[in-house]
Amino acid sequence: MLQAQFYFLSDQYYQDFPDDKLMQNKDALNGMSHSRPCFFAFKDSKVTDIYWIIPISSKFEKFKQIAQDKIKKYGHCNTIRFGIVLGRNTAFLIQNMCPATEKYLTAYINKNKCPIRMDDRTAADVEKNARNVLALSKRGVKVIFPDVFKIYHQLVQQLQQEHVSSTHSKSE
């Protein structure tokens, strides 16, 4: 999996991990459904088959205001970060992040079949802040909307079952 790349979540993810706090898939635009939101992904530090995915939003001004309000209230905001994707100002919604595995992810590619990426500096900023938010969440601070640790543990169980199944089928 490439670094600083974007993905879409499969519908199966929402069926396997129902959580009303997850950003929902497939917005309708002019009556047509589109794969949305798009997510930035980075590997988990312990289980490298799990990725933390952060939805991005084009509602830059809306989230800029929310971030400024948080900065006024708390002195900083690491739950929303900003960058440029495809030449547009974009908000990275760390507060809405969740874990996933490759089987639930589809690469966001352009018409030339090249992955959509972002610059390494923005990727590093988003990942650093996301890891800080994860650390806060692990200490019980409610800064991420979905129940990410419930999903994470289910993904770990899934991976263990897949490993057992593949090991068992290889020994036959």
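A contact here means heavy atoms within 4.5 Å. All this comes from a predicted model, in which local features need pLDDT of at least 70, side-chain atom pairs count only at pLDDT 80 or more, and totals for chains, interfaces and linings use all residues. Residues are numbered from 1 along each chain as its sequence is written, and side-chain values use heavy atoms, with hydrogens and water left out.

Now for the overall layout. The chain holds four helices and nine strands, where helices (H or I, at least four residues) and strands (E, at least two) are DSSP runs numbered from the N terminus. Along the sequence, the order reads β-α-β-β-β-β-α-β-β-β-β-α-α. Of the contacts between residues at least 6 apart in sequence, 67% link residues at least 24 apart. Buried residues account for 41% of the 172 residues; buried means under 20% relative accessible area, exposed over 50%, and partly exposed in between (1.4 Å probe, protein chains only).

What about the inside? In soluble globular proteins, nonpolar side chains tend to be buried together. A nonpolar core is a set of buried Ala, Val, Leu, Ile, Met, Phe, Trp, Tyr and Cys residues joined through side-chain atoms within 4.5 Å. The largest one has 42 residues, and Tyr13 is among those with the most contacts inside it, along with Phe6, Leu9, Phe40, Ile53, Ile54 and Phe92. Elements that each supply at least two residues of this core include strand E1 (6-9), helix H1 (11-16), strand E4 (38-43) and helix H4 (148-171). A second, separate core has six residues, among them Phe63, Ile80, Ala91 and Leu93.

Strand E1 is covered on both faces, with Phe6 and Phe8 buried on one side and Tyr7 and Leu9 buried on the other. Strands pair if DSSP finds at least two bridges between them. E1 runs antiparallel to E4, joined by three bridges, and it also runs antiparallel to strand E9 (residues 105-107), again with three bridges. Phe8 has a bridge partner in each: Cys38 in E4 and Thr106 in E9.

Cys38 counts as buried because its relative accessibility is 9%, and Cys98 counts as buried because its value is 1%. As for disulfides (pairs of cysteine sulfur atoms within 2.5 Å), a search of the whole structure turns up zero.
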